[in-house]
Amino acid sequence: AKSATGVGHQLAEAFATLSRAFEYYAGAGSVAQAVAAAEFPIAPPPYRISGVAQLMARALAMVPADSHEAGRLLSRYGGILGAADRDYEGAQQALGRAIAIARREEDVPLEIQALTYAADVSGQHLHWQESVDNGLRAIELAASIETHQSELHSRYWTSISLLHMGDLNAARPHTTVMRDLAQSRRTPRELAGIGFAPITTLSCLEGDWEAGREYSDQGLEVSPLNPILLSPRVLLEYQTGESGQGEIHLERLLEAMRLAGPDQSQASVRASMAIAAIARITGVSHRLEIAEAAAEAVLSNQSVAPLNVMYARAGLAFLAVQKGDQSAIEEQYSYFSSHQGTMIWTLSSVDRLLGLLSQTMGELDQSAEHFEDALAFCGKAGYRPELAWSCCDYADAMLDPTESSRQTTWESRQKAISLLDESLAISSELGMRPLMERVLSRREILKA
């Protein structure tokens, strides 16, 4: 009952109860009951609850290594090792063994569960294609049986990974199925919120603000402080000039960040990114110290998954550009150089971020290469709001007045005008008022 609430302290209490049950049955020599207590799904694997992995390791030692019971334990154990304990190699080994046992025993639900956890682990560790491959296999198997929870989670990681990779069209059918599952009465209320997250993100990435509002409203109705739903909504409102609504949702995101529990890291990194992005969208520096402190707190936690590490660094990277902090800029450039050709949530393409970092370092030729990559990535993906921002930022870099050694040629001036025209066309069509005003001011300067 406590585990069903999803509340941090009650999850810990639920685990304490199960731990007592495990100790009792282990002491009484009742292996089956001890294993049942150990494998009980208190919470999804990314939710870090101290002691769960250790308890499961003890339970594994009580059963034959290649047994069906071991397979069930290994599935959840692998998910916890990879998603909560950052042990990617250990997770891969455990999940691989679980999948092999499930296939030998012809236990389809167990194989689906192990593949779903494998998709989760791969996504948390930024192995996007691997996450998609595992998710698709789980979805294929789930077609033969009815398992809403596994299907929601496998489609979640499949769609989120595809969106990070820039494959919006491949992600769309999965987000649609998730939406339908979330609206179904057969889906538990506590799982419904996650069903609206990918389609909200997809809608924002393609600039369909009306759909983004509709789906985030539906998700927030059942999960009011869900950071995965709140964060794209915050940027949606600021992108369209609705700063009042953006502020309301940002305050809720900050409230989620202050709550202790399994979602705190997710809320912290998304709040950090949102605040940094708002400063760039509006030109108003507000709450930057909150954004920096939140990101640094996440990075200081050794158990945080690589996905949240990347999000925290993205917030810090935008803050570094805002402040012109050269040492921080160089650090973040070094990190993001290995993630080119991907999208960071609805914040920015990695290539645009690298372009901004390079420009601030004074490496304008390098900056131009990254912006060209950003244009190609966003154009192919269909991420029109991000394409509009990339065009504007690229034009700014081409006309950078701080680089005295670089002459603004007629060709570069004409290209900058062309980029601004494209940015204005997209932002006007999509109603991105702050970006429209930014582009128009650049064009006035060029005319002068």
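Tyr-156 and Trp-157 are both buried, meaning under 20% relative accessible area, where over 50% is exposed and in between is partly exposed (1.4 Å probe, protein chains only). The two form an edge-to-face aromatic pair, 5.4 Å centre to centre with 90 degrees between the planes. Rings of Phe, Tyr and Trp (its six-membered ring) pair if their centres lie within 6.5 Å; planes under 30 degrees apart are stacked, over 60 edge-to-face, and the rest tilted.

Some housekeeping. This is a predicted model, in which local features need pLDDT of at least 70 and side-chain atom pairs pLDDT 80 or more, while totals for chains, interfaces and linings use all residues. Residues are numbered from 1 along each chain as its sequence is written, and side-chain values use heavy atoms, without hydrogens and water.

Back to the rings. The structure holds 5 aromatic pairs. Another one of them is Phe-371 with Tyr-394, stacked at 5.5 Å centre to centre and 20 degrees between the planes. Phe-371 lies in helix α19 (residues 364–381) and Tyr-394 in helix α20 (residues 384–398), so this pair ties together parts 23 residues apart in sequence. Helices here are DSSP runs (H or I, at least four residues; strands are E, at least two), numbered from the N terminus. Phe-371 is buried at 0% relative accessibility, and Tyr-394 is buried at 4%.

Now the cysteines. How many disulfides does the structure hold? It holds 0, a disulfide being a pair of cysteine sulfur atoms within 2.5 Å. For Cys-378, the nearest cysteine sulfur is that of Cys-391, 8.5 Å away. The sulfur of Cys-392 is 8.7 Å from its closest cysteine sulfur, in Cys-391, too far for a bond.
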